[in-house]
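Me: I would like to go through the ligand surroundings in this model. Could you take my questions one at a time?

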Amino acid sequence: MEKEQPRLLCSRLFLKNRLVEVALNRSVLAWKETEKSRRRRSGFSSLSDTAHSQAAQVYEIVAVHEAEDNDTKRKDKRVTGLYPHAFTVAYVKRTAQHQWRCSDVTFRCASQTLCEQWIQVINEQLSLLTNRPKSLLVYINPYGGKRRGKHIYEQKVAPLFRRACISADVIVTERANHARDHLKTEANLDKYDGVVCVGGDGMFSEVLHGLVTRTQADRGVDQSDPDAELVPCDLRIGIIPAGSTDCICFATVGTIDPVTSALHVIVGDSQPMDVCSAHHNDTFLKYSVSLLGYGFYGDVLTDSERKRWLGPARYDLSGAKIFLNHNHYEGTVSFLPAEHNIGNPRDKLLCRSGCHVCLHKHSSKEKQRGMLEEKEASDKGDSGGWSVIHGKFVAINAASMSCACPRSPQGLSPSAHLADGTTDLILVRECSRLDFFKHLLRHTNKDDQFDHPFVEVHRVTKFRFQPRHQQLVSLEDLSETQKKADFSPVCSCQTTCSSDGRAHSSWSCDGEILHHAAIQVSVQCRLIRLFARGIEEQQQQQQQQQQPSCVFEDPCAPRAPQSITHCAD
Ligand SMILES: CCCCCCCCCCCCC/C=C/[C@@H](O)[C@H](COP(=O)(O)O)NC(=O)CCCCC
Ligand SMILES: Nc1ncnc2c1ncn2[C@@H]1O[C@H](COP(=O)(O)OP(=O)(O)O)[C@@H](O)[C@H]1O
Ligand SMILES: [Ca+2]
């Protein structure tokens, strides 16, 4: 049960043509029409309904300021005469489908002093919220998605940041990797409380690489070492969706909406996220937070890059083409299962705001056990705990989060977690085109896409892939155990499985192409944080809009000594 909080301020104020009781405590601002006002409005007839009360969580208040003329111009002259001063509170209001809007409520006061007192007390409460950013570095990709990034930022986001008194240094990128390179070497990061990218998953990937690489360089960590324990980044990342798929935004917020994302930045939300690091031998390749996909998704991405001029529709065209090609690729997948994790990919425990699977992993006991497990595994050599699967695959997907997006509202792995230190490795073996279609179709509805004999899914902390034709060249690089387990017999000719004559596919890494097929991947638990809070359950959404009843109990009762109160009628 919520602990009762002392009321800081309580007044009878005017809201539109109603007299409302407005109360503020440390967590909630609530308002409710007074009995007297309701009776007056109903002409003293008995009203059957109870007074409708509304509330805003203090940590979801965007700003408070003296009301401007246009906030009050339509008001009743009698009311404005008696209550000539007014202040406006801008706060987060939830609408359908996880979307947030900035809603204004203007309260009229009888005196200037009272009006100023309300503004001051609310501002004092806001200044206690230390997780809110004050200064941001913003990168806009003008060419992402439908090329509306700049317009979206200027029209929808910048006005909200200004309102919340957030200063922003904006860089419109001039080339691919501009944002990444600027973050890596040039940007003075001490000035900022966060970095925001306006674009799609590719633009997010640039910011991710810039920030993670910079952090490791500053702390002397060698990211080309696949076993290095990476240092988490201090700055949070905000995503304003303006790309083609925007999967990372969708899977962490529940919607693709620039205003909602801007509000998550303003209120200073924080969502830790796992990051996969991909290496080829001792060469660092890339980081990934969403999908690392070989075969189907790698081929779709490669093909779609040639059709960029089509905008987001390029994925539909390339998707259809690659589906019809129906390629498969031969190779060996080795993985280290996440044994002590409390979830599994088919348990239907969806990762939602405040997810207990992610919190469990975060507890220090669990962390220690994880580290011990990894040490034991590496002490035993390559075979310790590793599973090895050789086969022909239509797709190999590692989903470090659900990868939900408008095309697939549940995602590639609906029960994957944002911050549990694991990735869900999905292996789709050679199958008929019709079977693969049935599998894909299940990504668009609620049926279980893993419930096919040719699909398997494992929750893992590390994995490797070795395409068959490269085994011949890199055999000497592998351990004795792997040689015995993986390769029997070794074929001397290349296996060409794709209709266009290629023996291997490429990896799609958060929508960017990796140029090595043979990779080793390791999950870095909670390496970054986003300005997000995970997808809210319906129930959580409703709770945020309701005020605890104690805010209204006996508005003029004696207060705790530290509270400031004012009751006026
Ligand atoms: C018969 C109907 C089949 C429908 C299948 C739908 C399956 C869709 C799953 C999509 C998973 C997407 C994972 C995210 C990938 C993005 O990172 C990547 C780049 O995004 P962006 O930078 O914003 O452009 N997007 C893709 O790779 C698109 C995949 C589309 C596949 C059809
Ligand atoms: N100014 C620019 N010109 C060309 N490409 C850019 C620019 N800025 C970023 N990029 C690149 O554009 C690619 C796609 O960006 P993204 O924002 O993800 O859009 P989309 O979702 O449409 O793919 C990324 O690879 C990114 O590195
Ligand atoms: Ca994860």
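This is a predicted model: local features need pLDDT of at least 70, side-chain atom pairs count only at pLDDT 80 or more; totals for chains, interfaces and linings use all residues.

Me: Which residues are closest to ligand 2?
Reply: The closest are G145, G200, G202, E206 and S244, out of 20 residues that surround ligand 2.

Me: What polar contacts does ligand 2 have with E206 and E512?
Reply: A polar side-chain atom of E206 lies 2.3 Å from an oxygen atom of ligand 2. For E512, a polar side-chain atom is 3.1 Å from an oxygen atom of the ligand. The backbone contributes as well: an N or O atom of G145 lies 2.7 Å from a ligand 2 oxygen.

Me: And how much of ligand 2 does the protein bury?
Reply: The protein buries 87% of the 560 Å² that ligand 2 exposes when taken alone.

Me: What classes of residue make up that shell?
Reply: The shell around ligand 2 has seven charged, nine polar and four nonpolar residues.

Me: Where does ligand 2 lie relative to the domains?
Reply: Ligand 2 lies between domain 2 (134–269) and domain 3 (276–473 + 488–524), because both give residues to its shell.

Me: Which helix gives the most to the shell around ligand 2?
Reply: That is α7, residues 201–218, with four residues.

Me: Is α7 mostly covered or mostly open?
Reply: Helix α7 is mostly covered, with 15 of its 18 residues buried. From first C-alpha to last, α7 reaches 25 Å, close to the 26 Å expected. Just after the helix, G220 takes a positive phi of about 70°.

Me: Changing topic: which residues are closest to ligand 1?
Reply: Ligand 1 is surrounded by 20 residues, and the closest are D201, G202, T245, D246 and Y315.

Me: What polar contacts does ligand 1 have with Y315, G202 and S244?
Reply: An N or O atom in the side chain of Y315 is 2.6 Å from an oxygen atom of ligand 1. Taken alone, ligand 1 exposes 770 Å², of which the protein buries 89%.

Me: Which elements give two or more residues to its shell?
Reply: For ligand 1 they are α7, α11 (314–325) and α14 (433–441). The largest share, three residues, comes from α14.

Note on methods. Residues are numbered from 1 along each chain as its sequence is written. Chains are lettered from A and ligands numbered from 1 in the order in which they are written. Side-chain values use heavy atoms; hydrogens and water are left out. A residue is near a molecule or strand if one of its heavy atoms lies within 4 Å of it. A polar contact is a pair of N or O atoms within 3.5 Å; within protein, one must be able to donate a hydrogen and the other to accept it, and residues adjacent in sequence count only if both atoms are side-chain atoms. Accessible areas come from the Shrake-Rupley method with a 1.4 Å probe; for residues, only the protein chains shown count as cover. Ala, Val, Leu, Ile, Met, Phe, Trp, Tyr, Cys and Pro count as nonpolar, Asp, Glu, Lys and Arg as charged, and the others, Gly among them, as polar. Domain bounds come from an automatic or database domain assignment. The expected span of a helix is 1.5 Å times one less than its number of residues. Buried means under 20% relative accessible area, exposed over 50%, partly exposed in between (1.4 Å probe, protein chains only).
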